[in-house]
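This report covers the fold, the sheet, charged pairs and a few selected residues. Sequence and structure come first.

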Amino acid sequence: MSRDRSPRRGARAQRPSTGGRWRSWLRHHRAMALDSARRLLRHPLSSLLTMLAIAIALVLPAGLWLTLDGARLLDAELDESATLTVYLEEDVGDAEAGRIVEALAAHDGVADTRLITADEGMAEFQQSLGLEDALARLPDNPLPASVVVRPDDPSPAAVKRLAGGLGDMAGVEEVRLDLAWLERLGQLAELGRRVGLGLAVLFGLGVLLVVGNTIRLAVENRRQEIEVVTLIGATHAFVRRPFLYSGAWYGLGGGVLACLLLTLGGNWLATPIAALAASYGAGFTLPGLGGAGSATLLGCSTLLGWVGAWIAVSRHLAQIRPR
C-alpha cells in the first residue's frame, strides 16, 4: 500500500542580491548622516563652539597660505624688475653701441635689452638728484652709455652666469647686478613655506584633538545604546558610522566658519594694505580663497573631522564590552 508523500516544506535562506545590499548600505548611510546632523542641531550652542574652535585652528595656516600666495605674486612682479646694467666703454660710439645691443639681445638667457645713451643717463641722473644747474656746468659728460638687460631666468645662479658671459663681450666695461635682495627674497619665501607647513601640521593635529574629544564624549553618552546594538550583532563599522558623520559635520561646519572669517579678515585688511603698497609705488592686494581654495579648505576640514572621529570611536569601541 503506497502512501502519498508530500514534499517537506521549511524555511529557506535567501541571500540578498548585490544591488539590494548596495541600496541598503546607501540608505543606512543617508539615515546616519541625517540623524547625526539632527543631533548636532539639538545642541546648537555646543556644536557652534566646537565648529568655531575648528575654524580658529584652520584660519591661521590658511591665512599664512594666502599671505604666501600674495608674496608669490609680488615675487613674480619683482622678478620682472630683476635687471643687469651693462656699462659700455667710454670710447664706444652710437653706431658701435647699437651693434653691442644687438649682440646682447642675441645672447642666451637675455629676454630684453634697453640702450641708455650717455646723454639720457646724465638727464636721468640730474632729474633724480635735482642738480640740473650744477651738473650742466660740467665740461664733459662723465657717464658712459649703458644697456639695461632683463634676464630670462631671474634666479641668482642664472643671473650670475649671465653676468659673467656678458662681461666678456667686446666693448663692455662692467656689468653690475644686485643679487642680495633676490637671495633674501628666496630665503624668506622658503622660510614662509616651512613655517606654513609646520603650522598646518600642528593645527591639523589640533583639529583632530578637538573633534576626537567631542566624539569621545558622544560615545560615552551613548555607551548603553552601543552595548545593546553590539549584543544583537552590530559590527564596529555599523556602530562607528553615525559618529563618523558627526565628525564630518563638525569639520564641514568649521571649514565654513573658517572661510567666513578669512573673507571678513581679508576685507578688513584690504584698505590699509592697498594704501601701504601705494605709498611704495606698487599695487598689491591680498588674494582671496576663490572657488578652488574654498573647496580645498572645506575638503581638508571635513576629512580632518572624519579622521578625528574615526580615531576616537575606534579607540573607545575597543574598550566597550557588552554586559
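Buried means under 20% relative accessible area, exposed over 50%, and partly exposed in between, with a 1.4 Å probe and protein chains only. The model is predicted: local features need pLDDT of at least 70, side-chain atom pairs count only at pLDDT 80 or more, and totals for chains, interfaces and linings use all residues. Residues are numbered from 1 along each chain as its sequence is written, and side-chain values use heavy atoms, with hydrogens and water left out.

**Overall fold**

The protein chain has 323 residues, of which 30% count as buried. Its secondary structure comes to 10 helices and 4 strands. Helices (H or I, at least four residues) and strands (E, at least two) are DSSP runs, numbered from the N terminus. In order from that end, the elements run α-α-β-α-β-α-α-β-α-β-α-α-α-α.

Contact means heavy atoms within 4.5 Å. Take the contacts between residues at least 6 apart in sequence: 82% of them join residues at least 24 apart. The accessible surface of the chain is about 20900 Å², and carbon and sulfur atoms hold 60% of that. Such areas come from the Shrake-Rupley method with a 1.4 Å probe; for residues, only the protein chains shown count as cover.

The 4 strands form an open sheet in the order 2-3-1-4, with antiparallel pairing. Strand 2 (110-116) and strand 4 (172-176) stand at the edges with a single partner strand each, so one side of each has no neighbour in the sheet. On average, neighbouring strands are turned by 20° against each other, direction ignored. Two strands pair if DSSP finds at least two bridges between them. Strand 1 (residues 84-88) and strand 4 pair in the antiparallel sense over 4 bridges. Leu88 has Val172 of strand 4 as its bridge partner.

Helix 6 (residues 156-167) lies across strand 1, strand 2, strand 3 (146-151) and strand 4, and runs at about 170° to strand 4. Here axes are lines fitted to C-alpha atoms, for helices over the stretch in contact, and angles run from 0 to 180 degrees between N-to-C directions.

**Salt bridge and cysteines**

A salt bridge is a side-chain nitrogen of Lys or Arg within 4 Å of a carboxyl oxygen of Asp or Glu. The structure holds 1. It joins the side chains of Arg39 and Asp35, at 3.0 Å from N to O. Both residues sit in helix 1 (residues 18-42), 4 residues apart, so about one helical turn separates Arg39 and Asp35. Asp35 is buried at 16% relative accessibility, whereas Arg39 is partly exposed at 28%.

How many disulfides does the structure hold? The count is 0, where a disulfide is a pair of cysteine sulfur atoms within 2.5 Å. Cys259 counts as buried; Cys300 is partly exposed.

**Selected residues**

Asp91 lies in the loop between strand 1 and helix 3 (94-105). Its C-alpha is 9.6 Å from that of Ala145, across 54 residues of sequence. Phe238 belongs to helix 9 (residues 236-279). Phe238 and His29 are 209 residues apart in sequence, with their C-alpha atoms 9.6 Å apart in space.

| Residue | Relative accessible area | Class |
|---|---|---|
| Asp91 | 64% | exposed |
| Phe238 | 37% | partly exposed |
| Cys300 | 40% | partly exposed |
| Cys259 | 12% | buried |
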